Amino acid sequence: FWSNHDQARAVSRFGCTDTEELRVRSAKMLAVAMHLLRGTPFIYQGEELGMTNTPFPDESAIRDIEGLNVLNEARITGRYDQSWKGILHKGRDHARTPMQWSAAKNAGFTSGEPWIMLNPNYASINTEAEERDPNSVLTFYQKLFAMRNASSTLQYGSYTPLWTEHGQLFAYRRELDGETLTIVCNMSGVSANLPENPAGEIVLTNVAHPTETLLLPYEARVFRASGLA
């Protein structure tokens with residue numbers, strides 16, 4: 001898993017939120033990297049929307065007792081600024097803000113007062129908006145899991161890591177009964193060359209026009225080949 005109630009938002013920690021295009025692309029890439037592995041898929045609320053870390057303005061917005069204890073200690077040791085930056089990067093409260101259902105008041109989560117502040121971007125990143133967008137992170141998750149649910153290879157096939165010394169790519173192969181699925185993810189913000197072109201056709205990608213041997217920043221591809229020895 002990438003996410004749970006004790007982890008910062010995956011797309012902010014391991015992807016990129018510098019632009020909306022990169023947020024969407026890297027959230028989709030992280031989904032491919034994780035959910036086509038062997039094992040039981042686990043999605044934490046908001047991960048399927050590409051929800052991001054919340055820009056907490058100051059310590060008064062924090063609710064996590066662990067984070068508050070860290071800040072209290074840092075105030076004594078003179079490392080407050082560094083500790084605050086750490087909390088903004090991977091504090092636990094990022095995963096505890098209300099689920100962003102809609103652009104309505106309080107993101108459609110409650111008519112009352114939430115226990116913790118909402119991420120201000122709920123007006124644009126929310127379930128209702130993403131259900132209407134064929135290119136959204138949510139729509140991509142639906143396609144991804146439809147593929148997984150229909151594939152015995154992805155559910156039960158073997159797992160072989162690929163190109164493990166590569167500094168940018170996370171890649172692996174799933175195989176079963178003559179079918180091979182090769183998953184390639186560029187986990188960096190720099191374009192990456194494929195060490196080799198996997199056999200088969202591209203059956204899933206998070207970019208509109210993939211090139212033959214070059215992966216864009218945070219690009220993911222799934223190749224399918226059948227009848228291999």
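I started with the lining of the second largest pocket: α3 (65–77) and α4 (80–90) each supply at least two residues. Helices here are DSSP runs of H or I with at least four residues, strands are E runs of at least two, numbered from the N terminus. This is a predicted model, so I kept in mind that local features need pLDDT of at least 70 and side-chain atom pairs pLDDT 80 or more, while totals for chains, interfaces and linings use all residues. Residues are numbered from 1 along each chain as its sequence is written, and side-chain values use heavy atoms, without hydrogens and water.

By class I get 4 nonpolar, 5 polar and 7 charged residues (nonpolar is Ala, Val, Leu, Ile, Met, Phe, Trp, Tyr, Cys and Pro; charged is Asp, Glu, Lys and Arg; the others, Gly among them, are polar).

Then I went to the largest pocket, where α2 gives the most to the lining, with 5 residues. Its lining splits into 7 nonpolar, 5 polar and 5 charged residues.

Last, the sheet. I find an open one of 5 strands, order β1-β2-β3-β7-β5, with antiparallel pairing (two strands pair if DSSP finds at least two bridges between them). The edge strands are β1 (158–162) and β5 (201–205), each pairing on one side only. I checked β1 against β2 (residues 169–176): they pair in the antiparallel sense over 5 bridges. Thr160 has Arg173 in β2 as its bridge partner.
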